[in-house]
Amino acid sequence: MAAAGRSRGGAFGAKVALSRAIGAASRRSGRGGGTTLPGRVLLRLEPEAIARLGTGLDGSRTIVSATNGKTTTAGMIAAILAADGRSPVHNRAGSNMTWGVATALLEQSGSEGLFEVDEAWLPRVSEQLQPTLIVLGNLFRDQLDRYGEMEALADEWARTVAALAGGTEFALNADDPLIADLGRDREGRRREGALYFGIEDPSQALPELQHAFDAKHCRRCGHPYAYARAFVGHLGHYSCPSCGAERPAPEVAATAIELRGMEGSRTRVRTPSGEIELELPLPGLYNVYNALAAIAAGLRLGVEPARIAGALGEMRAAFGRVETIAVGEVPVSILLIKNPAGANEVLRTLLLESRERGPIDLWVALNDRIADGRDVSWIWDADFELLSAAVRRVVCAGTRAPEMALRLKYAGWPQEAIEVVPGIEASLDAAVAGAEGRLFALPTYTALLELRRLLSDRGLAQEFWR
Amino acid sequence: MELRVLSLYPEQMNIYADRGNILFLQRRCEWRGIGFVHAGAGPGDPVDPAAHDLFYAGGGQDRDQRAVAADMVATKQRELVAAADDGAVLLAVCGGYQLLGHSYQLGEEKLPGLGIADLETVREPGPRLIGNVAIEADLGGGPRLIAGFENHGGRTYLRPGAQPLGRVLCGHGNNDRDGFEGVRRDNVIGTYLHGPLLPKNAWLADHLIALALERRYGTRPDLEPLPDRLEAAAHESARRAATGT
């Protein structure tokens, strides 16, 4: 609890103590809600609480944000710091709005901070926390009903970065033009303290640009970008034919990547401190991006490359991101889906998997609660067509299950393979009962929470199957 | 038989999964043995009003919509007005709907519109109008329900020459005030409902296919019924999301 130590005066100290007591009482009552209740209470009492508690962090203060991969990336950075013998204050439960950050600050002690922050909350949390390092991964089309337009969000991030520049370092994805441009000042010069990461293995390029393509216009002049190649959604090698703005050369670069389906990947990474041979036990190119972000952050935080590689090689998936849990005899691999770009990467990984092991069994749960986005139209922007010939059977669940089933029908999946079973529990049991090998579970965020609760009630959630 | 569809600005105006509408039309034609030809017209591209049976315009981010409005009026207005006057089917959703009117007042700026429908849109102070929505529309043959999702900052006001697409049952509609949603003129339909719209309302998709084929071939075709179990369930699911019952 030393994090907040020095700065706490009388009135503020009383508010902190009250908030902690309420959190403890809530946990004792076993009614849940304990994860962020103290932060919520404290922010109600003291809106500037993050700024006040944050002054207790006199080491590094790192913020991680992105549309996709922020929980995983923050988890990777935490693992890297742990390998370095450091234990930052970290909102590891994935509660990434102000109250999640405030709760972590209230309940953990340490001289360093590591916070995953929701895209929309990044400006506010940054202003309060005055981070020493910001790690920004990507901006994709996501929950338009909640975040609004992506370009407007990018504009807000640009204001945040400009306000912090000088005192803050940045680890930025060179391959996402919306992110890369944040590392340049108004005149287009690279900001001091900006470190770029990116992929430089052309063999990993998509055969064509995907439909859900989110960064079309040059952030400098508005002219459409020209792409030499794209790796994930709009992440790739681009330049502006009009003003000449182009992808910055990344200092941390994946120069040779070998994907191994659900097993993970092997990647050679060039860094300013030498080469890293990365054995990543998480699948997909999207996790290579997460690892590159974590490597860049690790280097900025002063960790040796070999130590970074060792930590990433032993990564476990973040909550709900490719964990595998045995339900009866059936291993169930859980892959969160929440927006077109993220879902496309999951679908690509499953396509590779089906090529190696034959047709796959799926459970897809589409919820439309606030944390999922109320608008479920995004499923029509995700390329479910990829798996039309790769699926043996799919059970659709969730609050909008029929609309998910309809999407799959129009993606060309065999109609006789598509079932709708209302209710998370009944549908999961139906999917498990019909699965021939492994079952892949693709829930949206709140469906993942329901699934986790269900598996934990059955005593299965802690049981990892490898 | 063949349905020829033209997407207007498919690269710029596609934000709410607009391709789902096109895919839905395509599959329902293919399953019935009706040919399906799909083309796109982007910035600067000319439009031949006689070469297409159904025109589609989706939604875009503000920046895209700004660029599209100017280009559309400069390079396509005359042809699209001619197509609409000639009875072509034109489905415009969200941003595309706003461009059907005379103008869209965005702060200081006034985006031009096609003037195909007698309406105008204004970005007023106040929250975006977001949520599930259900409306009741009579496109001939009695009132039917259309379900979808709306997310718009602009408020659209119909002028006396315009007829709404329908009456709001649940949700905000054109402007959150007058209880109307969308616009309808000849075979032109403008609406804020995405989700996307047609997969949630298969009857409307078939209605538009029939109208477009009728214009091309002279008689209204009897579309072969399809096994629409999942379509009916999706419609019901979207309706329930809007009405809560």
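**Interface and local features**

Mentor: Chain B and chain A bury about 3,100 Å² between them, and 51% of that is on carbon and sulfur atoms. Buried area here is the accessible area (1.4 Å probe) that two parts lose on being put together, summed over both. The model is predicted, so local features need pLDDT of at least 70 and side-chain atom pairs pLDDT 80 or more, while totals for chains, interfaces and linings use all residues. Residues are numbered from 1 along each chain as written, chains are lettered from A and ligands numbered from 1 in written order, and side-chain values use heavy atoms, without hydrogens and water.

Trainee: Which three residues supply more of the area that chain B buries than any other three?
Mentor: B:Arg19, B:Arg63 and B:Leu230, with 23% of what chain B buries against chain A.

Trainee: How many residues are in contact?
Mentor: On chain B 35, and on chain A 34; contact means heavy atoms within 4.5 Å.

Trainee: And how many salt bridges between the two chains?
Mentor: Four, where a salt bridge is a side-chain nitrogen of Lys or Arg within 4 Å of a carboxyl oxygen of Asp or Glu. B:Arg63 forms one with A:Glu151, with the closest N and O atoms 2.6 Å apart.

Trainee: Which element gives the largest share of chain B's side?
Mentor: H7(B), with seven residues. Helices (H or I, at least four residues) and strands (E, at least two) are DSSP runs, numbered from the N terminus.

Trainee: How do the residues on that side of chain B divide?
Mentor: Into 16 nonpolar, ten polar and nine charged. Ala, Val, Leu, Ile, Met, Phe, Trp, Tyr, Cys and Pro count as nonpolar, Asp, Glu, Lys and Arg as charged, and the others, Gly among them, as polar.

Trainee: Back to salt bridges. How many over all chains?
Mentor: The count comes to 60. A:Arg369 and A:Glu450 form one, their closest N and O atoms being 3.2 Å apart. A:Arg369 is in the loop between strands S14 (360-365) and S15 (391-397) of chain A and A:Glu450 is in helix H15 (residues 445-457) of chain A, so the pair ties together parts that are 81 residues apart in sequence.

Trainee: New topic: which residues of H10(A) meet H11(A)?
Mentor: A:Ala291, A:Ala294, A:Ile295, A:Gly298 and A:Leu299; on H11(A) they meet A:Pro305, A:Ile308 and A:Leu312.

Trainee: Where is the cis peptide bond in chain B?
Mentor: It joins B:Gly195 and B:Pro196, with omega about -20 degrees. B:Pro196 lies in the loop between strand S14 (188-191) and H5 of chain B.

Trainee: What is the phi of B:Cys94?
Mentor: Positive, about 55 degrees, although B:Cys94 is not a glycine. B:Cys94 sits in the loop between strand S4 (89-93) and helix H4 (95-100) of chain B.
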